[in-house]
Amino acid sequence: MARTVAVPSAAPTESVGGPPAADLMSAVRELEEDIVLGRLHPRERLIEDDLMRRFGLKRHAVRSVLAELALLGLVERRKNIGCEVRAFTAREVADLYQVRELLETEAARHVPCPLPADRVQELIAIQREHDAAVAALDPRAVFRANVRFHEALFACCENRVLHRAIGEYARQTHPIRFSSLGDARYRERARQEHWAMIEALKTGRRDDLIRLCREHLAPSRDAYLAMNSHLYGRGPAS
C-alpha cells in the first residue's frame, strides 16, 4: 500500500514570473537527499499540496520539480496513485548494477595508473571530507562526499563518453544507496575502500583498482534487495 509523506509546512512564496531556477533545484536536491537517506521510502507518495507548503512553490513549479526527479529516475507516476518514490524490482536492481559494474571496471582500465600526483591529492582531499562526514555521523555530508569522490575518480578516465555514462547510471541508483548508507558498517567499509583505491592509483596497481571498483558496488545492491524483499512478490523479476 502506498504511504503518504508528511512534510513540514512553510508559507508559499514565489517571485513574479515564477521561482528562480535555484529554488527549484534546491527542492530537487533536498528531495533527492530525502530519498537517498531513507526519509522517503519506495512507493511513498509525494503530494503536490504538501510540497507546495514545504518549499513555498506554486503548483506548476512543484510539478517541474517532480518532473526533474522523474528524469533522474528517483520518482515515477502511477495510474490512480500519483507521483511516488521509485521502487526497483529485484531484476531492475540486478540489471542496473550489472551495467554499473561493466562501466566502472572498464573505466578503471582507462584511468592513468599510477595517477598523476595532483589528481591523487584531489582524491585525498575529497576523501578526508568523506572521513569527517562519517566520523560526524552526518548522512547528508557522507552522501555528497561519496558522490564527489566517485565523480573525481572517474573524471580521470580518458574516455569522456564512458565517464558520462557512469554518472548517469550512478544517478539512477541513488534511491538504492540508503540501504547501505544508513548502516555504519557499510559507511566504514566504503571509507576504507576509497583509501584502498587511492593507494592502488598511487602505486600503479591497476588489477587491485579494478577489483575494488567491482566489489565496492555490492553492498548497496545487496542491502537494498534484502531491505525491500517485501516489494517483490513471488519472483525476482516481479
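Analyst: Gladly! Let's begin with accessibility: Asp208 is partly exposed, with a relative accessible area of 24%. Partly exposed lies between buried (under 20% relative accessible area) and exposed (over 50%), using a 1.4 Å probe and protein chains only. This is a predicted model, in which local features need pLDDT of at least 70 and side-chain atom pairs pLDDT 80 or more, while totals for chains, interfaces and linings use all residues. Residues are numbered from 1 along each chain as its sequence is written, and side-chain values use heavy atoms, leaving out hydrogens and water.

User: With which residue does Asp208 form a salt bridge?

Analyst: In general, side chains of opposite charge can pair when their charged atoms come close. The rule here asks for a side-chain nitrogen of Lys or Arg within 4 Å of a carboxyl oxygen of Asp or Glu. Asp208 pairs with Arg205, their closest N and O atoms being 2.4 Å apart. Arg205 is partly exposed too, at 33% relative accessible area. By this rule the count comes to 29 salt bridges.

User: Where do Glu30 and Arg54 lie in the chain?

Analyst: Glu30 and Arg54 form a salt bridge with closest N and O atoms 2.7 Å apart. It links distant parts of the chain, from Glu30 in helix α1 (residues 21–36) to Arg54 in helix α2 (residues 48–55), 24 residues apart. Helices are DSSP runs of H or I with at least four residues, strands are E runs of at least two, and both are numbered from the N terminus. Glu30 is partly exposed at 29%, whereas Arg54 is buried at 14%. Both belong to a salt-bridge network that also includes Arg29, Glu32, Glu33, Asp34, Arg140 and Arg144.

User: Are Arg100 and Glu104 buried or exposed?

Analyst: Arg100 is buried at 7%, and Glu104 is buried at 5%. Their side chains meet in a salt bridge of 2.9 Å, N to O. Both lie in helix α4 (residues 90–110), four residues apart, about one turn of the helix.

User: How many disulfides does the structure hold?

Analyst: Taking a disulfide as a pair of cysteine sulfur atoms within 2.5 Å, the structure holds zero. For Cys157, the nearest cysteine sulfur is that of Cys156, 9.0 Å away. Cys157 is buried, with a relative accessible area of 0%.

User: Which residues lie nearest the centre of the largest pocket?

Analyst: Rolling a probe the size of a water molecule over the atoms shows where empty space is left. A pocket is an open set of points on a 1 Å grid over the protein atoms alone, where a 1.4 Å probe fits and protein lies on both sides within 12 Å along at least five of seven lines; lining residues have an atom within 4 Å of a point. The largest pocket is lined by 35 residues, with Asn146, Val147, His150, His174 and Arg177 nearest its centre. Helix α6 gives the largest share of the lining, eight residues.
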